[in-house]
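Here is a short tour of a three-dimensional model, written for someone new to reading structures. Have a look at it first, and then we'll walk through it piece by piece.

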Amino acid sequence: MSRWLFRRTLQAVVTFAVALLLLFFLLRLAPGDPLARITGDRTVSPQELAQLRARFGLDQPLPAQLRAFLGGAARGDLGVSIEHYPERVTSLLRARLPATLLLGGTVLLLNFSLGAWLGVRQAVRRGSRFDRWLTRLALAAYATPSFWLGLVLVAFVSVRWHLLPAAQMQDPLLAPEAGTLARAIDLLRHLILPALTLSLTSLALPLRHQRAAMLASFRLDFVTAARARGLTERKVRWRHAWRTTLVPMLTLLGLWLPMLVSGSVFVESVFNWPGLGSLAADAIAARDYPVLLGTAMLVSAAVVLAGLLADLGYALVDPRVRPT
Amino acid sequence: MIGSLGELLRRAWRHPSGRWGVIVLGLVALAALLAPPFLQDPAAMRDVVAGATAPSLAHPFGTDGLNRDMLSRVANGARVSLAVAGLAVVLALTVGSAVGLIAGYAGGWVDAVLMRAVDAALAIPRLFVILLLLVVWERIPLAALIVVLGTTGWFATSRLVRGEVLRLRHEAFVLAAEGLGATPGRTIVRHLLPNAAGPLLVAATLGVGDVILLEAGLSFLGLGIQPPTPSWGGMVLDARPLIVSAPWTALFPGAAIVLTVLSVNLLGDALQAALDPRSA
Amino acid sequence: MLITPRLLAALLLLPSATLAQPRAPDHGSAVIIVGQEPTTPVPTLLGAKANSDVSDLLFWRLARPGPGMVTTDEKSFEPQLARSWSRRDSLTLVFELDPRAKWHDGVPVTSRDVLFSFARMRDSTVDPQRALLLRHLATVTAEGEQRVVLRFRRAYPEQFYDATWQVQLLPAHLVDSIPAERFAASAFVREPVGSGPYRWVRREPGRQLELAANSTFFLGAPKLDRLVFLLVRDPEAALNLMLDGTADVYEGVAPSSGPARLAGNPSLRLLTTPSFITVYLLFNQRAYGNRQQAHPILADAGVRRALSLAIDRTPLLQSAYGKYGVPTYAPVAQGHWTYRLVPKGPGYDAAGARALLRRLGWADSDGDGILDKGGAPLSLRLNLPTTSAPRVAMATQLQEQLRRAGVRIELIRLDGPVWGQRRQRGEFDIDFAAAVMDPSPAGIVQSWSCAGRAGSNYGQYCDPVVDRFLEQAISSPRGGERNWRAAYAALQNDAPAAFLAAPPVLLAVHRRYRGVSLRPESLYSDVWRWSVDPGRRLARDR
């Protein structure tokens, strides 16, 4: 088991390293001088430009640049932001990570719990109107662009009806000495709309997965046996059949994380949620490629890690998968 | 080959959602094809100062912030979206199939290296790859955008094709054919492709939906398709200041995206169900 | 240790003290949305406008220009940290500091602070731009604790303006021990101490910056106890935050669509104030991307004049700014006191434009509707920054207007950074530009004089006659109205650009505020005079 774990971890590290290489070459591939963008509104003197060029290593030959890049990544130094110069990319990422974790975590929780509950119901009522219409609705929501849904929700819920705040993560006037309950409520009020937007537009995935996994589990022998033993339908459903769907749902995590991150770029920018997604969106507008690169690296690492954890969970739960 | 594909499509048609998907998609495609001759030239400016006007007989979808007819803009946007998505998906399928075939046939370290690279590429979210390319590129021509969209979406296809190759390589009939002197090329065309056509078609339809959403998102961020070429995402971006006072300016492009992607996904689902009835 | 225990205790205790007490009925708070982050609102580190807006509330000057912004009239200036002033001779100014003025840590403002601040500002290694503006200042000396004597090298009308506007006072007792090169990273910059009506509270990077009222301010404590500058880059999100009640003040209201959206909300109102912004089409007099050669078409002043004649500004401004369009015919903004001196010029004359072009040898020989001369068509590329909604709105109409005069305009859409880069490199035929100008009309030399060609004179315009007029206007003892008029008329004749608009600032403000006044050169500097209507107080004001 530990040998397998070691090999699997090594595989993950190699995958991440290759991803880093791909990212590096991606930037060098596109035409244009990345540093040229910096001379936007600010007047940058030729000396400052030369300094920056040296700082970003753009005057070095390609192998030296690659070495500097990989070396920096290994040390945890992802360079310096162009727009917020001289702020470091790592400090920017660190500052914005919690907000994205909060939003992403909430959406994950929402989707997996809602998806699980509804998916099981669908499987049980397979072929019924409930089953068919829920699938259609979920697919329609999946086909909805998240930025559009966000705009519509803000326009009506916030601006028209004044029910929830339109943007940001907290009330700017919230006093620093406000109690935890007041803070929590304020945070929740700001969290609802962005979480709802991201959740609805991706619910179809866990829903369908759960449904399919549940249907598959119904066909398993031990479920039929449980029914034959006279256990109530509810017990059969949740205690036996559903348990087997946990593992397939776990594998969905690795698949779904990139989607969640991509969606959050749009949702965070519409709602001005101060997370990694809006950091990426701002970096796009400012052509701040070190920040964009750093974000891509962080997200890739997260995806690889999630895949590794999912595999590990899979192996722990299902002994058949574990190599001896 | 034609027989099995036709059978697949027939089965998809019998599926209620599939039929709906085909119909709506057909309507969208029709609108896209007919757009220029039958509808007003979207680039012609009327009285700009009049701004957005509500839907009426003259303008069934209303007009946008610059008083341009929304119906023709949405229809022309359909052209662009379908063309871009279609070409990008064809490119993705081609590249993915090629890589999958090479990996499956060559085996050994070639296979290992290619699949490792595919794993790594899948770890980076597609949007970020595209963003990194577009951010450094100054003004991206439409063809380059299609290439970017296509070359970022072939990874899953390559896995799929490789899987098919591995599965079929050791099937009896393939061994028999090879024993009779059939070249790998012939084996691919006569045996592998027909079997893989079904899953590839499903992947294609779902891929089109993904690309449409992706392209709309890019246009919304100001990348992607540049004005004055109409694009649905760009229309939603323009409609942002008007969403409360003139909701039709955001409603129709958004609805167009939803309907098109939904119909494509339903079609893909129906094809999937036709291939594997147990998942229905 | 720069921050004394006394200061630390004061800063820590004061916020909780003010918030613990019940507030007077006309007190309140304000959330002000800014589009750019004020990272270093400390004098000598200002850079962007976002920083100076905040620093004007923290750090005061000796005096400031009056509301008319007549920078050449000494008598129109208003006292800030200096209570009064007098003139000993044409080169010497004497300022008497207000003895009540104190720094936020309680230490009085003295002449030592004035001397120190001037020394820092005149140090060209610290802030070269400002040192250049203060080059005519010879000496700054103190006569006692409350009196400062400034001596200039030459007499010129903006002496007083330079003596006061360019220098915000820094506390010598806290800053003089910090060497200039380590100032930007010092603890003082992280928690600035000033003498203005507002004190520093905290900054959350990337989110907001908070100031609190200076309750011991010598001219009366502000009624708005808390000010939060909220960073919202996206104009749509900003407007939504105004409409949903989270924010109270926003200056980035889009003139074309903003007023309509605000009209639906009864608790907000729209204010306008003249700005220092000009919008114009800059003609490149050198070849595209090659400063060594003259431009084949635009080097001819007649052609430039014809282009300007062919533009009908009224519908352009209407579509971009709605009813808030303010035209301009020279590089002068509505906020400048010389705005009224600008001659209206020939205006719109399409037939005249065509006739002029014909006289210059341009004719439509191939019948395609576009004029040509010697085989080359009259075709020009217009660089358009897509980040500016008003300019994008005007671009297509401009294209059409000029096409009717026989000129083909190709729109090159560029996003902000790329557009700026092309402008600096001279890679444009026509540049659709907008400039935020100095409050003083003398700032015109940076972009429109021969000397400016090394700097921000991107079109490489140079006319010694105009330079002479400008010099005379700037140095003329009594404001030089005649000289300014002549300079502007000469500029119009040369047509280095087609000047279009001087759009006002549109500010959305919550209706509950009373005594609201806006200053064009520093929008929020009078916020300390605002108060809240007790009848319209909100929960957040308590």
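## Before we start

When we talk about axes here, we mean lines fitted to C-alpha atoms, for helices over the stretch in contact, with angles running from 0 to 180 degrees between N-to-C directions. Helices (H or I, at least four residues) and strands (E, at least two) are DSSP runs, numbered from the N terminus.

This is a predicted model, in which local features need pLDDT of at least 70 and side-chain atom pairs count only at pLDDT 80 or more, while totals for chains, interfaces and linings use all residues. Residues are numbered from 1 along each chain as its sequence is written, and chains are lettered from A and ligands numbered from 1 in the order in which they are written.

Chain B has 11 helices and zero strands. Of its 280 residues, 52% are buried (a residue is buried if 20 or more other C-beta atoms lie within 10 Å of its own, exposed if 12 or fewer, and partly exposed in between, with C-beta atoms placed from the backbone). Two residues are in contact if their C-beta atoms, placed from the backbone, lie within 7 Å. Take the contacts in chain B with a separation of 6 or more: 71% of them involve residues 24 or more positions apart.

Now zoom in on helix 10 (residues 232-239) and helix 11 (residues 248-275) of chain B, whose axes come within 8 Å and cross at roughly 155 degrees. That makes helix 10 of chain B roughly antiparallel to helix 11 of chain B (under 35 degrees counts as roughly parallel, over 145 as roughly antiparallel, 65 to 115 as roughly perpendicular and the rest as oblique). Which residues of helix 10 of chain B meet helix 11 of chain B? They are W232(B), M235(B), V236(B) and A239(B), and they meet T249(B), A250(B), P253(B), G254(B), A256(B) and I257(B). By class, this contact of helix 10 with helix 11 of chain B has eight nonpolar, two polar and no charged residues (Ala, Val, Leu, Ile, Met, Phe, Trp, Tyr, Cys and Pro count as nonpolar, Asp, Glu, Lys and Arg as charged, and the others, Gly among them, as polar).

## Where the chains touch

Chain A puts 44 residues in contact with 40 residues of chain B. On the chain A side, helix 1 of chain A gives the largest share, nine residues. Sorted by class, that side of chain A has 36 nonpolar, five polar and three charged residues.

Chain A also touches chain C, and here the contact takes 23 residues from chain A and 28 residues from chain C. Helix 6 of chain A gives the most to the chain A side, with three residues. By class, the side of chain A that touches chain C has 11 nonpolar, six polar and six charged residues.

## A seven-strand sheet in chain C

Over in chain C there's an open sheet of seven strands in the order 8-9-10-1-11-22-12, with mixed pairing (two strands pair if DSSP finds at least two bridges between them). Strand 8 (198-204) and strand 12 (268-273) of chain C stand at the edges with a single partner strand each, so one side of each is left without a neighbour in the sheet. Strand 1 (residues 28-34) and strand 10 (residues 224-231) of chain C run parallel, joined by seven bridges, and A30(C) stands opposite L227(C) in strand 10. Helix 2 (residues 49-58) of chain C packs on this sheet, touching strand 1, strand 8, strand 9 (208-213) and strand 10 of chain C.

Is strand 13 (residues 277-283) of chain C mostly covered or mostly open? Mostly covered: seven of its seven residues are buried. In a regular strand the side chains alternate between the two faces of the sheet. Here I277(C), V279(C), L281(C) and F283(C) point one way, while T278(C), Y280(C) and L282(C) point the other way.

Strand 13 of chain C runs antiparallel to strand 20 (residues 430-436) of chain C, with seven bridges joining them. Y280(C) has A433(C) as its bridge partner there, and L282(C) stands opposite D431(C). Strand 13 of chain C also pairs with strand 21 (residues 497-501) of chain C, in the antiparallel sense, over four bridges. In that pairing, V279(C) stands opposite A501(C).

## One buried aspartate

D113(C) sits in helix 3 (residues 111-121) of chain C. Why does D113(C) count as buried? Because D113(C) has 26 C-beta neighbours inside 10 Å. Not counting residues up to four places away in sequence, D113(C) touches L169(C), L170(C), P171(C) and A172(C).
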